[in-house]
Amino acid sequence: LDAARLDELKVLLRCDIPPLAVVGGNLPAAIRPGYGAAASVQAPARTPPAAEDREEMTRLLQELVRHAPAAGATDVHLGSGPHGPWIRERIDGILYDIPPSPVFTTRYQDVVSHLKALARLEVGPHRLPQQGRAVLEVGEGRQELRLSVVPTPHGEHAAIRLLEPSRLLPAERLGLSQEQRLTIVSLLAKPAGLFLVTGPSGSGKTTSLY
């Protein structure tokens with residue numbers, strides 16, 4: 001709100017500075033979009049031992065996985081292109097770019113290798129499509145992950161599906177009308193038959209089935 005101070009900074013830094021109001025005092029959430037995913041994880045000043053290196057990769061993954069559910073994302077996509085590594089989150093079927101932090105950009109291949117190790121996949125081959133599952137400790141809970149790794153001309157890409165039972169919704173909150181719910185209940189009461197739930201990735205098929 002200090003216009004004079006903002007003008008001084010614009011002159012010193014030679015760039016425009018849009019002010020940002022932080023609502024509710026959640027400063028880390030406001031800083032994150034500007035400094036990138038996993039910005040709170042700092043790169044070590046020296047080459048760490050193997051144990052510390054694994055801990056750093058785990059913290060990076062925890063930061064990525066912690067943010068996605070809070071943003072309503074069902075998947076996290078990690079990849080690398082001509083301009084370097086990138087992060088995208090799938091929200092309501094649409095992929096949104098999340099700016100990666102410098103430490104994530106620097107350690108991208110290490111992050112993917114650590115993911116593969118957690119999912120008990122072969123870490124060495126980088127030209128082999130693989131799928132697996134992993135469990136990551138996030139805060140006081142556990143986050144189940146379904147991992148797909150595919151080779152590309154710019155390195156391996158990883159797609160992480162977040163499987164969290166606590167996020168499953170009751171039938172009343174699935175967005176169905178009362179008529180649709182009654183129809184489903186009547187179909188489920190039948191002794192035999194086939195019930196199909198279809199839709200694009202991230203549309204809620206697994207949630208609906210549960």
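A nonpolar core is a set of buried Ala, Val, Leu, Ile, Met, Phe, Trp, Tyr and Cys residues joined through side-chain atoms within 4.5 Å. Buried means under 20% relative accessible area, exposed over 50%, and partly exposed in between, with a 1.4 Å probe and protein chains only. The largest such core here has 29 residues. Leu78, Phe104, Leu115, Leu147 and Ile160 have the most contacts inside it.

This is a predicted model, in which local features need pLDDT of at least 70 and side-chain atom pairs count only at pLDDT 80 or more, while totals for chains, interfaces and linings use all residues. Residues are numbered from 1 along each chain as its sequence is written, and side-chain values use heavy atoms, leaving out hydrogens and water. The predictor's confidence in each residue is its pLDDT, from 0 to 100. The protein averages 82, and 84% of the residues score at least 70. Among the elements, strand E1 (residues 75-81) has the highest mean, 93. Helix H2 (residues 27-35) has the lowest, 65. Where pLDDT is low, the predicted coordinates should not be read in detail.

Now the layout. The protein has 7 helices and 6 strands. These are DSSP runs, numbered from the N terminus: helices are H or I with at least four residues, strands are E with at least two. Along the sequence the pattern is α-α-α-β-β-β-α-α-β-β-β-α-α.

The 6 strands form an open sheet, in the order E3-E2-E1-E6-E5-E4, with antiparallel pairing. Two strands pair if DSSP finds at least two bridges between them. At the edges are E3 (94-98) and E4 (130-138), each pairing on one side only. The twist averages 25 degrees from one strand to the next.

Look at two of the pairings. E1 is joined to E6 (residues 155-163) by 4 bridges. There, valine 76 stands opposite isoleucine 160 in E6. E2 is joined to E3 by 5 bridges, and isoleucine 91 faces isoleucine 94 in E3. The hairpin of E2 and E3 has 2 residues between the strands. Aspartate 92 in this hairpin takes a positive phi near 55 degrees.

Helix H5 (residues 108-118) lies across E1, E2, E4, E5 and E6. H5 runs at about 50 degrees to E6. Axes are lines fitted to C-alpha atoms, for helices over the stretch in contact, and angles run from 0 to 180 degrees between N-to-C directions. The buried residues of H5 include Val111, Val112 and Leu115. After H5 comes arginine 120, with a positive phi near 60 degrees.

H3 gives the largest share, 6 residues. Leucine 147 is in contact (heavy atoms within 4.5 Å) with Leu115, Ala158 and Ile160, among others, leaving aside neighbours within four places in sequence.

Why does arginine 161 count as buried? Arginine 161 has 16% relative accessibility, so it falls in that class. This residue is in strand E6. Among the residues that arginine 161 touches are Thr74, Glu144 and Ser201. A polar contact of 2.6 Å joins its side chain to that of aspartate 75. Such a contact is a pair of N or O atoms within 3.5 Å; within protein, one must be able to donate a hydrogen and the other to accept it, and residues adjacent in sequence count only if both atoms are side-chain atoms.
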